[in-house]
Amino acid sequence: MAAKRYLNESESNEDQPPEKKMKSRPSFASVIGEVVMVNSLQNLFSTLEPLLRRVVKEEVEHVLGRSTRSLLRSPSLRIQALEPSSLKLKFSNKLSLPIFTGSKIGSCDNNPLQILVVDNANPNVPIILPQPIKIEIVVVDGDFPQGDRETWTSEEFNNNIVKERTGRRPLLTGELNVTIRDGFAPIGDIEFTDNSSWIRSRKFRVGVRVVPGSNGDVRICEAMTEPFVVKDHRGELYKKHHPPMLDDDVWRLEKIGKDGAFHTKLKSEGIKTVQDFLKLSIVNPQSLRRILGLGMSEKMWEVTIKHARTCVLGNKQYILRGNNHFVMFNPICQVLKAVIDGQDYTSRELSNIDRTYIERLVRQAYENWSSLEEVDANMNETVLLTQGEMMQQYPNHQLMMLKPFQQQEYIVDRTIDMGYELNNDQAGCSDWTYVSMPSSNIGINYNISESSSDGELTPSASKSFLSGN
């Protein structure tokens with residue numbers, strides 16, 4: 001029987017798959033060599049690190065230095081922090097209120113809004129900068145700044161700029177960028193497109209700021225108007241005008257509502273404009289009161305007529321010509337001067353001639369107003385000379401004729417109490433009392449007699465159509 005064959009260990013390992021073969025163990029010498037090599041590399045890196053850091057730093061500084069010098073040579077790309085200064089922007093005039101959407105924003109003095117550059121030390125004197133600067137007009141929240149603060153940072157100002165509502169047009173439109181030259185800049189046409197009811201404060205301010213980068217490295221503080229409410233344009237349709245203009249609809253006067261009872265009555269009698277109202281109040285005031293009816297109390301009447309008297313009359317004058325007369329009127333049918341039978345009369349001198357004759361001429365002019373010759377007072381040298389002579393004689397006051405107060409009559413203008421009476425001998429007339437009145441009330445004082453017949457001028461009304469009397 002054959003003896004069993006035993007495989008040795010080496011043969012057994014050769015028959016096994018390669019992945020199952022045991023790796024050979026490294027020798028002790030190789031391990032020691034690797035350790036020495038790693039230590040040597042770490043020492044090398046530790047030695048090289050400071051050197052490499054220094055080289056990299058020098059190179060980076062060199063590159064940055066060249067870039068910085070390039071930026072400094074280009075003013076448009078210069079990046080520096082704004083230096084604090086005492087300069088600020090300022091509105092030279094106040095806004096005209098109220099403000100409506102779609103309407104031009106103007107000043108209360110009817111001049112264009114202006115922006116000034118001033119110094120805190122002397123805020124009333126414009127500062128002329130060495131070069132023009134650009135400014136931007138924006139809308140600011142009415143609650144900014146909180147309290148009574150008068151200073152703020154640019155960041156605070158910018159954070160309180162109000163933008164339009166989602167899906168709406170820009171909140172402010174028009175000429176929103178202007179240039180300040182010689183210390184000031186006028187603002188052109190700007191207007192709001194939305195009301196102010198949708199923000200918490202319900203008020204806006206108009207603000208101005210310097211366009212970033214247009215003034216180098218000096219900060220100029222922003223400016224703002226007082227807070228105000230912006231109303232929808234439909235509210236302007238019923239707004240009263242202060243002062244009213246001659247061609248304004250009569251309902252622009254206080255106490256006369258559009259399409260209301262008084263407005264309807266006046267329209268039915270052909271009184272459509274403020275000029276129509278004032279002319280009739282001069283020529284026949286009792287007729288005007290009768291048109292308005294009992295619904296207009298004396299107090300309401302005083303408010304309406306006082307508002308009407310603030311009307312701007314302008315420079316137009318109207319001439320009535322006849323065979324033996326030449327009469328010049330102002331726009332509300334008051335006589336300025338006359339030439340009758342070749343004799344020149346100022347309005348003050350006309351009180352010395354036949355009153356009935358003057359009344360007839362005034363009535364004729366009133367009834368034929370559209371056919372009168374219209375001239376410009378600035379082009380009429382004779383009228384200007386006459387007015388200058390009267391102003392030298394009465395610089396602050398004018399003489400006005402008023403009929404003595406009677407039980408049946410009442411004086412609409414109470415300002416007579418502010419004057420002083422001259423005795424009848426000085427006045428040269430036993431039926432009339434002369435009262436010195438402020439020139440702002442010229443020609444508007446008159447009496448209203450309830451007993452007067454329709455269309456008849458009372459004596460006081462006849463004097464009211466004489467300008468300066």
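**Entry 1: salt bridges**

I started by counting salt bridges, and the structure holds eleven of them. For my own notes, a salt bridge here is a side-chain nitrogen of Lys or Arg within 4 Å of a carboxyl oxygen of Asp or Glu. Before going on, I noted that this is a predicted model, where local features need pLDDT of at least 70, side-chain atom pairs count only at pLDDT 80 or more, and totals for chains, interfaces and linings use all residues. Residues are numbered from 1 along each chain as its sequence is written, and side-chain values use heavy atoms, with hydrogens and water left out.

I looked up K104 next and found its side chain in a salt bridge with D189, at 3.1 Å from N to O. K104 lies in the loop between β2 (99–100) and β3 (114–119), and D189 in the loop between β8 (184–186) and β9 (190–192), so this pair ties together parts that are 85 residues apart in sequence. Is K104 buried or exposed? K104 counts as exposed, because its relative accessibility is 58%. The cut-offs I'm using are under 20% relative accessible area for buried, over 50% for exposed, and partly exposed in between (1.4 Å probe, protein chains only).

Then I checked R209, which forms a salt bridge with E136, with 3.1 Å between the closest N and O atoms. R209 sits in strand β10 (residues 204–210) and E136 in strand β5 (residues 133–141), so parts 73 residues apart in sequence are tied together. R209 counts as buried at 18% relative accessibility, while E136 is partly exposed at 22%.

My last pair was K267 and D259, whose side chains meet at 3.9 Å, N to O. K267 is partly exposed at 39%, and D259 is exposed at 54%. I also found a network: R165, R168 and D194 are joined by salt bridges that share partners.

**Entry 2: the sheet with β5 and β10**

I went back to the strands that hold E136 and R209. Strands and helices are DSSP runs numbered from the N terminus, with at least two residues (E) for a strand and at least four (H or I) for a helix. Two strands pair if DSSP finds at least two bridges between them. In what order do the strands of this open sheet stand? The four strands run β7-β5-β10-β11, with antiparallel pairing. β7 (177–180) and β11 (223–224) are at the edges with a single partner strand each, so one side of each is left without a neighbour in the sheet. β5 and β10 pair over seven bridges, in the antiparallel sense. I also noted that V140 stands opposite R205 in β10. A reminder to myself: strands of a sheet pair through backbone hydrogen bonds, either parallel or antiparallel.

**Entry 3: β13 and its partners**

Strand β13 (residues 316–321) is joined to strand β17 (residues 373–376) by four bridges, and the two run antiparallel. Here Q317 has V375 in β17 as its bridge partner. β13 also pairs with strand β14 (residues 325–329), again antiparallel and over four bridges. I319 has M328 in β14 as its bridge partner. A hairpin of three residues takes β13 into β14.

**Entry 4: two helices**

How many of the eight residues of helix α6 (residues 285–292) are buried? Seven are, so this helix is largely enclosed by the rest of the structure. Among the buried ones I listed P285, L288 and R289. Just after α6, G293 takes a positive phi of about 85°.

Helix α2 (residues 28–72) is where I found L52. L52 is exposed, with 52% relative accessible area.

**Entry 5: the whole chain**

I counted eleven helices and 21 strands in the chain. Buried residues make up 39% of its 469 residues.

Finally I checked confidence (pLDDT, the predictor's own score for each residue, from 0 to 100). The chain's mean pLDDT is 75, and 68% of its residues reach 70 or more. Over residues 74–82 the pLDDT is below 50, and this stretch has ten contacts beyond near neighbours in sequence. Residues 381–462 are also below 50, with 165 such contacts in the model. A contact means heavy atoms within 4.5 Å. Where pLDDT is low, the predicted coordinates should not be read in detail.
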